[in-house]
Amino acid sequence: MSAAEVEARLGDLPDWGIDQHKLFRHFVFSNFVDAWGFMSQVALLAETMNHHPEWSNVYNRVEIYLTTHDADGISEKDFALASQIDSLL
């Protein structure tokens, strides 16, 4: 996707942004168990879509980066997974 296409699509995902040329979102939960449960749900989504995030977790915080390595950048797959992730909240 071009930079303009990515910017236009970000309007559909207001809590997501761009960081390091990847779709990015920072999540904060009430505790570690809630953060880990969320990550487990995302893992199941990602596996069914065969599109896996780059992510990190520290206590109640989760950071997710989405990019499509085959496309060498952000693709429709990233926006689809981000939308599905948002639907878990």
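Is Phe-32 buried, partly exposed or exposed? Phe-32 is partly exposed, at 37% relative accessible area (buried is under 20%, exposed over 50%, partly exposed in between; 1.4 Å probe, protein chains only). Just so you know, this is a predicted model, where local features need pLDDT of at least 70, side-chain atom pairs count only at pLDDT 80 or more, and totals for chains, interfaces and linings use all residues. Residues are numbered from 1 along each chain as its sequence is written, and side-chain values use heavy atoms, leaving out hydrogens and water.

**View A. Phe-32 and the nonpolar patch.** Together with Val-33, Trp-36, Val-58 and Tyr-59, Phe-32 makes a nonpolar surface patch of about 540 Å². Helix α2 (residues 32–49) gives the most to this patch, with 3 residues.

**View B. Strand β4 and its partners.** Strand β2 (residues 22–28) pairs with β4 in the antiparallel sense over 6 bridges (pairing takes at least two DSSP bridges), and Phe-27 has Val-62 as its bridge partner. Strand β3 (residues 54–58) also pairs with β4 in the antiparallel sense, over 5 bridges; here Ser-56 partners Glu-63.

**View C. Thr-67 in its loop.** Thr-67 lies between β4 (61–66) and α3 (76–87), and is buried, with 11% relative accessible area. Leaving aside neighbours within four places in sequence, its contacts (heavy atoms within 4.5 Å) include His-21, His-51 and Asp-78.

Note on methods: Helices (H or I, at least four residues) and strands (E, at least two) are DSSP runs, numbered from the N terminus. Patches are made of residues with over 30% relative accessible area and no salt bridge: like charges are joined within 9 Å, nonpolar side chains (Val, Leu, Ile, Met, Phe, Trp, Tyr) within 5 Å. Accessible areas come from the Shrake-Rupley method with a 1.4 Å probe; for residues, only the protein chains shown count as cover. A salt bridge is a side-chain nitrogen of Lys or Arg within 4 Å of a carboxyl oxygen of Asp or Glu.
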